[in-house]
Amino acid sequence: MNPIIAGNWKMNKDPVESRELVEKLLQLAGDVSDRDVIIIPPFTSLPVVAEVLRGTRFKLGAQNMHWERSGAFTGEISGLFLKFYGCEYVLIGHSERRHIMDETDEMINKKLKTALEIGLISIFCLGETEKEREQGKTEEVILRQLKQGLQDIENDVHKIIFAYEPVWAIGTGKTATPEQASEVHKFIRKQFNKPITILYGGSVNAKNIDSLMAEKEIDGVLVGGASLKPEEFARIIKFQHG
Ligand code: PGA
């Protein structure tokens, strides 16, 4: 399996800026063939990014979806609409949704189920806060997120991509060390009896990418801030094996 490099643009880039960014990125890194790149722009940029990516090896993902396919859910987006634009992936349970938008493990579970049903690959995000880590609760929190998030779909874990993103490392410049990340990845893997894919996320940048990807526990990365800078993201995509 190829390493996965996913860029989550969060609430950045209007459609004009999005076109510019993804075109530049393709110029710089569109030639890679031994890694899978997933671009995750805001909803409003999905049409334009889909158009630019057509015929390239880069894949498209979305940042969230609702668990229902349609209905009276004002302001929400159906996974079916994401598929319409060619999305193959969707972030589920990103920490900004858990902590700012109060998304619960139960909601995340419903979204993971729907994504499986409609054929979107979930990038299921989990991770502890700084306080939880300090209190020695990292494993307890991860276990709860896994157990509740995956309720009734435990047999489908090989169809889901996991992303370990310690909350204290997201957007803070404080990356988990490759060893810290590996330790939690190992713990997550231990919970299942089949092989799973686990990305690391949290202040990944051009400087730390090579050492993170040198860890055999790390199957790829989920990049926020650094994915908005085409030169830096291209360098991340083209990480060098140690
Ligand atoms: P960051 O964000 O790379 O800016 O820390 C990562 C993420 O939120 O997925």
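This is a predicted model: local features need pLDDT of at least 70, side-chain atom pairs count only at pLDDT 80 or more; totals for chains, interfaces and linings use all residues.

I started with the second largest pocket, which holds about 230 Å³ of space. Ser 203, Val 204, Gly 224, Gly 225 and Ala 226 are closest to its centre, out of 19 lining residues. For my own record, a pocket is an open set of points on a 1 Å grid over the protein atoms alone, where a 1.4 Å probe fits, with protein on both sides within 12 Å along at least five of seven lines; lining residues have an atom within 4 Å of a point. Volume is the space filled by probe spheres set on the points, joined across faces, edges and corners.

Numbering runs from 1 along each chain as its sequence is written, and side-chain values use heavy atoms, without hydrogens or water.

Next I asked which pocket the ligand takes up.

Then I went through polar contacts (N or O pairs within 3.5 Å). Lys 10 puts a polar side-chain atom 2.7 Å from a ligand oxygen, and Glu 165 has a polar side-chain atom at 2.7 Å from a ligand oxygen too. At Gly 224 I found a polar backbone atom 2.8 Å from an oxygen of the ligand. The protein covers 95% of the 280 Å² of accessible area that the ligand has on its own (Shrake-Rupley, 1.4 Å probe).

Methods:
A polar contact is a pair of N or O atoms within 3.5 Å; within protein, one must be able to donate a hydrogen and the other to accept it, and residues adjacent in sequence count only if both atoms are side-chain atoms. A molecule sits in a cavity or pocket if more than half of its atoms lie within 2 Å of its grid points.
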